[in-house]
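This report is for a reader new to the structure shown below.

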Amino acid sequence: MKRATAILMVFMIFMGTLVWGAGNTEEGVQITELTEPVTIQIWYSLGAKYSAPLEVIIDKFNSMQDMITVEGVYQGGYATTQEKLLAAYVAGEPPVLAQLEQSLVGAFVANDALIPLDSFIKADKEFNVKDFNKYITQGATYNKKLYGLPINVSTPVLYLNRDLFRKAGLDPDQYPTTWDEAYDIAKKISDLGSDIYGLRIYNSGWIIDSLFHQFGGKIFNKDNTKCLINSKEIKDAMAFWKKMVDDGIAIYQGGKDGSTMDASGVVGMVMRSTGSIAWFKDNVTFDWGVAPFTLGKTKAVSLGGGNVYMIKKTSPEQQFAAWEFLQYLTNTENQVYWSTNTGYMVSRKSAKESSKIQEILKNDPRYSVTYDQLKDAFARPTVEAWPEIEDLIQEAMTRIILEGASVDILDQTASDIDELL
Amino acid sequence: MKLKKKQLDNIQGWLFITPPLIVFSVFIFIPMGVAFFISLQKWNLLSPMKFIGLANYIKMFSSDHFWNSVMVSLLYAAGTVPVTVLLGLVIAIMLNQDLHGVSFYRIMIYLPVITSMAAAAIVFQYLFEPNIGFFNYVLSIFHLPPMQWLNDRHQALIAVIIVGIWKRVGYNAIIFLAGLQAIPRYYYEAATIDGASKFQMVRSITIPLLSSVTFFVTVMQIIASLKVFTSIVVMTEGGPARGTDVLPYFLYKNAFQYHKMGYASTAAIFLFTIIFIFTLLQFKYGEKRVHYQ
């Protein structure tokens, strides 16, 4: 037993002396051409219907040249991909490209695990970064450096059950433009029956961040050094939602997934990603419409979805290949293809002006709502401890809305969050 | 060099247990040691470790969220253990009869045990859906008000307890069944001749003679309940509002979502200690409480 203990001690000391994170310090363009074939991976976090168009783009890229082989690896949801990427990065074997959700980049930026793309862009004369919509790229810009290129960028939009609107005697084209109007419309719809709700609300981080902004509140101060969740504006926002639930006109899904409910046709309005257009098309049988989600005094919606980032601890050859693929993935043609298959936004101006996108926007206005409200989009805060902060806010929200806690519990939440900043 | 017989035996013995020892070391003992080591550090995976002594332990024992998780885990165990043990026993007694097709029922009862928890939990998620789910439909048949299930902090715990019972009852029943079949038949024959009723036989023969099995099942069930994880991840993610934030999920979340490896390891050491105590109990008393020869 003594010997086992001794071996254990030696091992532990060995572990302790290992220093992680040393990594390579060079970044940016290091080589200008490939001398032998290279295989790279891109990790992505959109499954089901959304992975197919991406795999098509990857296959096309692989077949049009023979130096670079790209492997697309589906890693599960946004959070799972982030967890796995972190583990792979610590183990020293990360993929060179990964799709990360807007709010989950903080830990990587704070610990310098990503390669800014500026030097690649500068060295590449054919690549016109100005073609990208700046409201969209702001989500991948930290400390004035562009770290990622957009792939599935979205804003939350309001999905309307037009059948329920009609049943309640409402004109489905008269969508709400303020929270007061939303309240009235939701009330009329919820009067249809005890199991019919005018609005489904839930506590996903980017939705409640939008809500807070619309009421004039912000979760953090400018430098992300103090939490302002207990401001009067945010308390008002939560109290407003609480009132809608208390009055029986909105349902608050504190649980995990509300998709089942949305598809069942008992919800008059719900805010979801513009990328859910593809989901609605497949899963919903009622007549549905899309309206802007800019309901507050301040017109604001948060930027959602994800960008593709280049990861450190990878070889110059891999980074070179990654940049080649990244350009291809985000070129005009592929953005159009991706967007028409999913409902996510194109981020290039040239893609938006393409005849195909223009035609879709003209024929199906549901696709255009997200572009119209893009001017009101704000980037999510990049805070390292965001996953934990989001949990704390969600917990407080559930307590307030479902369990009758006072909005003043947010004072405690704010001080808890301050400790994490 | 000449070895004595005893020494030779010793070497032989060690050689025999070397392979499992290596496997256990790599997958269990070393990670355990490392976990303890990490519990003394502040480490977010990306930056180097920093030794902070017992600070994680102090922080944990003064954290409301931690004690909430302990409470939730205890409530989960309190909800699952008695039901699965009792139900397991009742089912085992029913299955321990010479009925036609009894092995079919045995398989059916055991099926949940070998079903993937992740897959089952997804199905249960639909069954618990408040508006179109099966459970609320059943309630409505009996004119009972619908429940919110996974959307409510307290009801979500009931929901995962139901899933836990469904998953484990078959395992317990099979262990009990093995125990029942080890009880010699002539006790029952003698009791029948003496005119004992079925219930008397269960009370005076089955239950006492099964006590060691019952003890084993109970301890194993407690340990399994304290380790519940998959159903929580899939169905509730510890929510709503930490209502189902059991200890294993608490430590998973701290480790892989909040990147607090040190703090999470501290929780792991705590959980390990609790489970270790129950294991020791089983080792110490489990063997001695055999009532039959």
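The text below covers chain B as a whole and then a sheet in chain A.

The model is predicted: local features need pLDDT of at least 70, side-chain atom pairs count only at pLDDT 80 or more, and totals for chains, interfaces and linings use all residues. Residues are numbered from 1 along each chain as its sequence is written, while chains are lettered from A and ligands numbered from 1 in the order in which they are written.

Chain B has 13 helices and two strands; helices (H or I, at least four residues) and strands (E, at least two) are DSSP runs numbered from the N terminus. Its C-alpha trace spans about 80 × 75 × 30 Å along the principal axes. Of the 293 residues in chain B, 35% are buried (20 or more other C-beta atoms, placed from the backbone, within 10 Å of the residue's own). Contacts are pairs of residues with C-beta atoms within 7 Å; among those in chain B between residues at least 6 apart in sequence, 70% join residues at least 24 apart.

In chain A, five strands form an open sheet with mixed pairing, in the order β9-β8-β10-β7-β11; strands pair if DSSP finds at least two bridges between them. Two strands stand at the edges, each with a single partner strand, so one side of each lacks a neighbour in the sheet:

| Edge strand (chain A) | Residues |
|---|---|
| β9 | 250-253 |
| β11 | 288-291 |

Strand β7 (residues 156-161) of chain A runs antiparallel to β11(A), joined by four bridges. A:N161 stands opposite A:W288 in β11(A).

Technical notes:
Buried ≥ 20, exposed ≤ 12 C-beta atoms within 10 Å, placed from the backbone. Contact = placed C-beta atoms within 7 Å.
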